[in-house]
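Please look through the sequence and the model shown here before reading on.

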Amino acid sequence: MEKTKMLYEGKAKIVYETDEPDKLIVYFKDDATAGNGEKKGTIEGKGAINNEMSAYFFKMLKDRGINSHFIEKISDREMVVKSLRMIALEVVVRNVAAGSLAKRLGLPEGTPLKTPVLEYFYKNDELGDPLLNRYHIMVMDLARVHELDDIEHIAFCVNQILINFLKSKNINLIDFKLEFGRDERDKIVLADEISPDNCRFWDISTNEKLDKDRFRHDMGGVEEAYREMLTRVTA
């Protein structure tokens, strides 16, 4: 398999076509953004860490019955994935109040939620990735009802698997973002990545943040937090 032309470059990844039409290569960058791209910077080594951690999680989820686009990791910063027709939604699962949810609901950051909360955001930079509900999604023809049912089922399953796993690493899963696509049979498949870029990870004992919030809020120790998460996850 050979890499051919660049298909897409995003804030954190570059996607390449290959000479096999059903496979793509994803390259993970060190570039970092926050606030819908208003803040930009570099987190040294982030691309390699996110690639390795995502590969680890995707393999673990597959062992537990959750399929994803992941095929194999081929270098420090690259993985081969299945080509999907991506759905323009960010699916956020929240277990503890933090970030935008804490602000919208007026909850102190760190408040445990009585039940996991699932939210949809429209992937559209020009509109600022607005919050959507099921009716918005159907009106915009982004996904059908049965697909949303599948998405929510997978998202909550992933949530419980990750919660249980991360507790054994002394990590509290605060919230995380997932993306999904349709395969050649129109089946909903998990995609994107699972890393400190799109998850909030807090140390259970100290509540120390081990994710991109350290970059968002100029807390320092960003690279160290990413490396710490990779060490704990893969140890």
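Leaving aside residues up to four places away in sequence, Ser54 touches Phe28, Met79, Glu193, Ile194 and Ser195. The model is a predicted one. Ser54 lies in helix H1. Its relative accessible area is 0%, and because buried means under 20%, Ser54 counts as buried.

## The sheet

The sheet is open and is formed by five strands, in the order S1-S2-S3-S7-S6, with antiparallel pairing. Its edge strands are S1, residues 3-9, and S6, residues 70-75, each of which pairs on one side only. From one strand to the next, the twist averages 30 degrees.

At one end of that order, S6 and strand S7 (residues 78-82) run antiparallel and are joined by four bridges. The two strands form a hairpin, with two residues between them. Within this pair, Phe70 stands opposite Val81 in S7, and Lys73 stands opposite Met79 in S7. Met79 is also one of the residues that Ser54 touches. In a regular strand, side chains alternate between the two faces of the sheet.

## H1 and H4

Helix H4 covers residues 145-167, and its axis comes within 11 Å of the axis of H1, the two crossing at roughly 110 degrees. Because angles of 65 to 115 degrees count as roughly perpendicular, H1 is described as roughly perpendicular to H4. The crossing in which H1 passes H4 is right-handed.

On the H1 side, the residues that meet H4 are Tyr56, Phe57, Met60 and Leu61. Their partners in H4 are Val158, Ile161, Leu162, Phe165 and Leu166. Sorted by class, this contact has nine nonpolar residues, no polar residues and no charged residues.

## H1 and H6

H1 also packs with helix H6, residues 222-234, at an angle of about 25 degrees and with the axes 10 Å apart. Angles under 35 degrees count as roughly parallel, so H1 and H6 are roughly parallel to each other. H1 passes H6 in a left-handed crossing.

The contact is made on the H1 side by Lys46, Ile49, Asn50, Glu52, Met53, Tyr56 and Phe57. From H6 it is made by Tyr226, Arg227, Met229, Leu230, Val233 and Thr234. By class, the contact of H1 with H6 has eight nonpolar, two polar and three charged residues. Tyr56 and Phe57 are among the H1 residues listed here, and both are also listed in the contact with H4.

## A residue in a loop

Is Glu38 buried or exposed? Glu38 is placed in the loop between strand S4 (31-34) and strand S5 (39-42). Its relative accessible area is 74%, and because exposed means over 50%, Glu38 counts as exposed.

Glu38 and Leu178 are 140 residues apart in sequence. In space, the two are 22 Å apart, C-alpha to C-alpha.

Note on methods. Residues numbered from 1 in each chain as written. Predicted model: local features only at pLDDT ≥ 70, side-chain atom pairs only at ≥ 80, totals over all residues. Heavy atoms only, no water. Pairing = 2+ DSSP bridges. Axes fitted to C-alpha atoms, helices over the stretch in contact; angles between N-to-C directions. Parallel < 35°, antiparallel > 145°, perpendicular 65-115°, else oblique. Left-handed = near helix turned anticlockwise from the far one by under 90°. Contact = heavy atoms within 4.5 Å. Nonpolar A, V, L, I, M, F, W, Y, C, P; charged D, E, K, R; others polar. Buried < 20%, exposed > 50% of the residue type's maximum accessible area, 1.4 Å probe, protein only.
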